[in-house]
Amino acid sequence: MDITTTAGPGPGHAVMKLAGELDISTVGDIRAALAAAVTAYRQVVIDLGDLAFCDCSGIGALVAAKNSAARRGTHLTVRNIPDHLARLLHITGTPLATPGTSLNIGGAAHHVPQGTAA
């Protein structure tokens, strides 16, 4: 599992790109990196475009990051959710965005309106 964090495009912004397999063997590092990002930055983008696999522990880490961001007032955007993960999230009813945030599923942007969950 590769994690690349890039500061920018502006102050207080970061883009985290996750690549490879997010599973029980890699989730500890991902949890720590996501927790650090939502603490250090006001806007965080998590790019999942190169995520080959994600098990339930990985989904848990992403949801934990979403919840932590919401508590801190950090704007969290999840983009390029692979179709296999989007389908699993839909089937299980697992939200990855808080109301008012953005998702990018399969290359198409979707805004999550206030009062709803994705």
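**Exercise 1. Classify Lys17 by its relative accessible area, then find its salt-bridge partners.**

Step 1. In this predicted model, Lys17 has a relative accessible area of 31%. Buried means under 20% and exposed means over 50%. Lys17 is therefore partly exposed.

Step 2. Look for carboxyl oxygens within 4 Å of the side-chain nitrogen. Asp50 qualifies, at 3.3 Å from N to O. Lys17 sits in strand S2 and Asp50 in strand S3, 33 residues apart.

Step 3. Asp47 also forms a salt bridge with Lys17, at 3.7 Å from N to O. Strand S2 covers residues 13-22 and strand S3 covers residues 43-54, so this pair ties together parts 30 residues apart in sequence.

**Exercise 2. Are Asp47, Asp50 and Arg79 buried or partly exposed?**

Step 1. Asp47 has a relative accessible area of 6%. That is under 20%, so Asp47 is buried.

Step 2. Asp50 comes to 43%, which makes it partly exposed. Arg79, at 30%, is partly exposed too.

**Exercise 3. Count the salt bridges and say how they connect.**

Step 1. The count is three.

Step 2. Trace the shared partners. Lys17 pairs with Asp50 and with Asp47. Asp47 also pairs with Arg79.

Step 3. Lys17, Asp47, Asp50 and Arg79 therefore form one network, joined by salt bridges that share partners.

Methods. Residues are numbered from 1 along each chain as its sequence is written. This is a predicted model: local features need pLDDT of at least 70, side-chain atom pairs count only at pLDDT 80 or more; totals for chains, interfaces and linings use all residues. Side-chain values use heavy atoms; hydrogens and water are left out. Helices (H or I, at least four residues) and strands (E, at least two) are DSSP runs, numbered from the N terminus. Buried means under 20% relative accessible area, exposed over 50%, partly exposed in between (1.4 Å probe, protein chains only).
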